[in-house]
Amino acid sequence: MNVTIFGSGYVGLVTGACLAEVGNHVLCVDVDQRKIDILNNDGVPIYEPGLEDLIRKNRAAGRLAFTTDPAQGIAHGLFQFIAVGTPPDEDGSADLRHVLGVARTIGEHINGYRIVVDKSTVPVGTADRVAETIREAQAARGTQHEVDVVSNPEFLKEGAAIEDFMRPDRVVVGTDNPRTGELLRALYAPFNRNHDRVMVMDIRSAELTKYAANAMLATKISFMNELSNIAEAVGADIEQVRLGIGSDPRIGYQFIYPGCGYGGSCFPKDVRALERTAQGIDYRPDLLQAVEAVNDRQKDVLFRKIDARFDGALAGRTIALWGLAFKPNTDDMREASSRRLMEQLWAAGARVRAYDPVAAEETRRIYGEREDLTLVDEQMAALDGADALAIVTEWAQFRSPDFDAIKAKLGTPVVFDGRNIYDPAQVAAAGLDYVSIGRRP
Ligand code: UGA
C-alpha cells in the first residue's frame, strides 16, 4: 500500500521505516530541508537503536523515500499520516499549529479519497478539527474529495521504538467508518503475529486512550517515588516493598521503579495536557496534579541528598555525573532529571564532570561551553578530581563498575544513586558510602 507520513521526527521516522519494512511504499515529508538532506544521504537526524539500518535497507529497496514537497506526498498515499510535533503551549495544553497546518496542506492538494491518520499525541476532539480544517481548505478551492480522519496514537518507547512498532501490544484505531477500520486492520495485519492486535474503537476513545496510558504509567512512578520517601523516613527499604507489591499480578512488576523522577518528551507533557483538558471541562484533576507535583519534587531529591551530605558547602566542589539522557538508550534530554541536578549544583557553586554514552553532544547544544561543566568520553574519567559520584541514568554499562577504582578516585568515598542500580552490601564492601532512593543506608 502507499503511505505518506508528514513529520520526520522520532515517531514519523519509526512509523515510516517499519511500514516500509513490511512491504509498503512510504514517502516521508518534512518541511526541514536539512533533515531531508541528511535522510537522503543515509543519515538519521536522531538516535534510535536499529533505525539507521532499517532506513538504509528500505531506501535501497525503493520502499522508502524522503521529500520536502507536500504535493508529492498528498498525491502518493492512500494513508496520510500526521506525525508532527505537538509541543506544549504556555499553559501546558498541546499546541496543534503543526497538526492543523498539515491538515490545511492536505486540503489544498488533495485529488481523491484519502485516509488521514493522526499519529501525533493530540487532545480529544482533534480529529474533528483536522477534518474541519481539510474541509475548509477544500472549500476554498472548490473541491469535495472524501476524507476519513482516523486517530491512531503511538505507544512507542524511545530506545525500543522499532521493537515496539514491529511487535505491538496493541494498535489502537479510532474511526467512525467501519470500512476505514478494515483498511487500517489490513495495513497493520503484518504486525499481528499470533493474534489480532488491532483494536478499532470510536475516535474520541482512541484519542483519550493515549493520554490514559501515559498518565497511568506516570502515576505508577510518582506513587512509587512518594512511597520511597516514606520508606526512607520510616526505615523501610523501597526495593523490598517493590518486590512485595509487584508479585501481586493486579499490581505487576513493571513501571514501579522508584528513582529521581520521570522525564522525556511524553509523560511530563501528556500529564499536563490531560490536566488542561480536564480543566477545560470544569473537572478538577486532583490526582494528575499530584502526580506532576510529586515528580517535580522528586527531581530535587539527588541534589538534596548531595547538599545534605556536604553540609550545604558545595561551592568549589566537583560532582561526577553518570548519565545525562532522561533514560538509557536515547540521547534525549527533554525534561531529564540530570538537568535539574546540574542546574542546582551550578547554582550552589559546584562543578560537574559528566559522562553519558550518547547524550554529551545534546548536553553541549543545550548548555554550550561553560567552565563549570566538563563532558568526558569515558565513564571513569568523570571521576578525575571529583568529590563524589551521582548516577542519574541507569545505562547498562554503569551496572557493574569497579567499586575499588571508584573509591580510589573520589575525594569523598560516596556514591549517590538516583536509580537504585547497585546492591548496597556490595558498594559498602568496597568502603564506599552509598546513598540511594528509599533504601536503608
Ligand atoms: C513513554 C511510554 O512508556 C510509551 O508507551 C509512550 O508511547 C511514549 O511515552 C510516548 O508517549 O511517546 P518514553 O517517554 O520513551 O515512553 O519512556 P519510558 O521508558 O516510558 O520512561 C519515561 C520516564 O519514566 C523515564 O525518565 C524513566 O526513567 C522513568 N521511569 C520509568 C521511572 O522512573 N520508573 C519506572 O519504573 C519506569
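**Stop one: a loop residue**

Start by selecting Arg193, which sits in the loop that links helix H8 (178-188) to strand E8 (198-201). Keep in mind as you click around that this is a predicted model. Check the backbone here: the phi of Arg193 is near 55 degrees, a positive value in a residue that isn't glycine. Is Arg193 buried or exposed? Arg193 counts as exposed, because it has 10 C-beta neighbours inside 10 Å and the cut-off for exposed is 12 or fewer.

**Stop two: another loop**

Now jump to Asp311, in the loop between helix H13 (301-309) and strand E9 (318-322). Asp311 is not a glycine either, yet its phi is positive, about 50 degrees. With 7 C-beta neighbours inside 10 Å, Asp311 counts as exposed.

**Stop three: around the ligand**

Next, show the ligand and the 20 residues around it; Glu158, Tyr257, Tyr262, Gly264 and Cys266 come nearest. Colour the shell by residue type and you get 11 nonpolar, five polar and four charged residues. Which helix gives the shell its largest share? That's helix H9 (residues 203-234), with three residues. Colour by domain instead: domain 1 (2-201) and domain 2 (211-297) each supply at least three residues of the shell.

**Last stop: an annotated span**

Finish by selecting residues 320-424, where an unreviewed UniProt entry places the feature "domain: UDP-glucose/GDP-mannose dehydrogenase C-terminal". The span is 26% helix and 18% strand, and its end C-alpha atoms lie 19 Å apart.

Notes. Residues are numbered from 1 along each chain as its sequence is written. This is a predicted model: local features need pLDDT of at least 70, side-chain atom pairs count only at pLDDT 80 or more; totals for chains, interfaces and linings use all residues. A residue is near a molecule or strand if its C-beta atom, placed from the backbone, lies within 6 Å of it. Helices (H or I, at least four residues) and strands (E, at least two) are DSSP runs, numbered from the N terminus. Ala, Val, Leu, Ile, Met, Phe, Trp, Tyr, Cys and Pro count as nonpolar, Asp, Glu, Lys and Arg as charged, and the others, Gly among them, as polar. Domain bounds come from an automatic or database domain assignment. UniProt positions are given in the numbering used here, feature names are shortened, and annotations may be inferred rather than shown by experiment. A residue is buried if 20 or more other C-beta atoms lie within 10 Å of its own, exposed if 12 or fewer, and partly exposed in between; C-beta atoms are placed from the backbone.
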